[in-house]
Structures are given as C-alpha cells and as structure tokens.
Amino acid sequence: MPLTGPDWNPPLKTLFTVLLTMLGCVVAAAAGGVAYAYSGLYDVSATTPDSALFSWIVHKTSDSSVGARLGVIQVPAGLDQPQKIAAGGHLFLQNCAVCHGGPGLTPTNIYLGMNPQPPDLYRAGRVPASDENFQFIKYGIKMSGMPGFSTTKTDDEIWSLVAFLGTAPGLSAADFAKETGSSVTVGK
Ligand code: HEC
C-alpha cells in the first residue's frame, strides 16, 4: 500500500496507536522535566561553570529574545552630544560600574563572583548597537544578574547611558575618569 496519495487509508486503529504513542512521549518528556527539577541534579552554584550546551541554549534564547524586540525602538538624535555622554558616564559610575567595571577600575568582588560574568563593555572592537543597548538597559536580562532599569530611570537617562556606551570601546582610563567623574585613574 502506498504511504501517500488518495489510496492511503490506514485503519483507524493504527492512527490511534500513532497518536497515543506521540501523546505518551510528550507526557513522559514533561514528567522527566518535572522529575529533573525535583531531583537536585542540576548544580545552580554560581561558582560551577556552565556546560557548553546549557550556555549555548541560554545565550541563543537571550540573543533571539533581544533581537525580536528591537523593531519598536526609535533611536533619538543627539547621542553624540558631549553633555549627553557625560550625563550617561556619571549614571554609569553610580549604577553599572560595580558589575561592569571600567578602564582603570579594579574589578569588584561582585564582578569576580558573578555567573555569567558581566561583559566588558570597553573591549576594543565591540560595536555597541544603540537600540540593543537600550533594550538591555531598560529591560535587563532574566536570571543573568543584569537588572532592568525601566522603573528607576527615565528613557532620557537610559539614552544618555546608551550615548556613553557608544564611546566605551577602547576608552582610556583617563577618558573614563573624565566622562564618569571617577577619581580613580590608576590601573589594577
Ligand atoms: C548586578 C550586576 C550588573 C549591573 C549593576 C549592571 N549589569 Fe549590565 N550586565 C550584567 C550581566 C551579568 C550581563 C550579561 C548578561 C548575559 O550574559 O546574558 C550584563 C549585560 C549587559 C549588556 C549587554 C552587553 C553585551 O555585549 O552582551 C549591557 C549593554 C549592559 N549590561 C549594560 C549595563 C548598564 C548600562 C548598567 C547600568 C545602568 C548595567 N549594565 C548594570 C550585570 C550587571
């Protein structure tokens, strides 16, 4: 009997068996997931490195989620104005440097103990996309430690942080101190 075309008419019993088997697999997978959650087998300790597979799944999910939300963000003009950049620099020192650090700052114990570790926003060659930075700062990233600032900062303040981050890649310790108002200019 051909498996496709108008002649294919498997008995109802076979169809039921296929459907029940599929349903059984779904139930078994769900039960397995719940059992795993109760088992304690997964080590949530921040000090235990993530497996490559887990890391890939989490980062892929995060990248896709952020990417899917950029369409509605309108980047305002004027992000290159020195006073906007300086306003963002001061906000950065107060709200972000504790985790993300900065040129000339000694990494904090908080940075050193976090998993995932906060990315270096100053690495030369990083291309900071303004809409992406706005999304990250305003809404944060669940279960990573990156806070969302939508309830504590206005959009204008968040855009000034974006303006500052636009100048971050390759920033010298002296310029970091100037833009943020930090008095620490020596290296680690
Ligand atoms: C409590 C620690 C913490 C604080 C405070 C914090 N962040 Fe983060 N941030 C993180 C972590 C951790 C990540 C990485 C998240 C991930 O890997 O998914 C991150 C990611 C980011 C990213 C995405 C960068 C990239 O290349 O992936 C940006 C942009 C960012 N933070 C900006 C800021 C700004 C601006 C502030 C202050 C307003 C701030 N963060 C405050 C921990 C922090």
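Of the 188 residues in this protein, 16% count as buried. You are looking at a predicted model, and it contains eight helices and zero strands. Here is a short tour, from the overall shape to the ligand.

**Overall shape**
- Along the principal axes, the C-alpha atoms fill a box of roughly 80 × 40 × 30 Å.
- If you take the contacts between residues at least 6 apart in sequence, 69% of them join residues at least 24 apart.

**The largest nonpolar core**
- This core has 18 residues, and those touching the most other members are Ile 137, Ile 158, Leu 161, Val 162 and Phe 164.
- At least two core residues come from each of helix 3, helix 6, helix 7 (155-166) and helix 8 (173-180).
- Helix 7 gives the largest share, with seven residues.
- Phe 164 is worth a look: beyond its neighbours within four places in sequence, it is in contact with Ile 85, Gly 88, Gly 89, Phe 92 and Glu 179.

**Around the ligand**
- The ligand is surrounded by 21 residues, of which Cys 96, Cys 99, Pro 118, Ser 144 and Met 146 are the closest.
- Helix 3 (82-95), helix 4 (97-100) and helix 6 (130-139) are the elements that each contribute two or more residues to this shell.
- By type, the shell holds 15 nonpolar residues, six polar ones and no charged ones.

Key:
Residues are numbered from 1 along each chain as its sequence is written. This is a predicted model: local features need pLDDT of at least 70, side-chain atom pairs count only at pLDDT 80 or more; totals for chains, interfaces and linings use all residues. A residue is near a molecule or strand if its C-beta atom, placed from the backbone, lies within 6 Å of it. Helices (H or I, at least four residues) and strands (E, at least two) are DSSP runs, numbered from the N terminus. Ala, Val, Leu, Ile, Met, Phe, Trp, Tyr, Cys and Pro count as nonpolar, Asp, Glu, Lys and Arg as charged, and the others, Gly among them, as polar. A residue is buried if 20 or more other C-beta atoms lie within 10 Å of its own, exposed if 12 or fewer, and partly exposed in between; C-beta atoms are placed from the backbone. Two residues are in contact if their C-beta atoms, placed from the backbone, lie within 7 Å. A nonpolar core is a set of buried Ala, Val, Leu, Ile, Met, Phe, Trp, Tyr and Cys residues joined through C-beta atoms within 7 Å.
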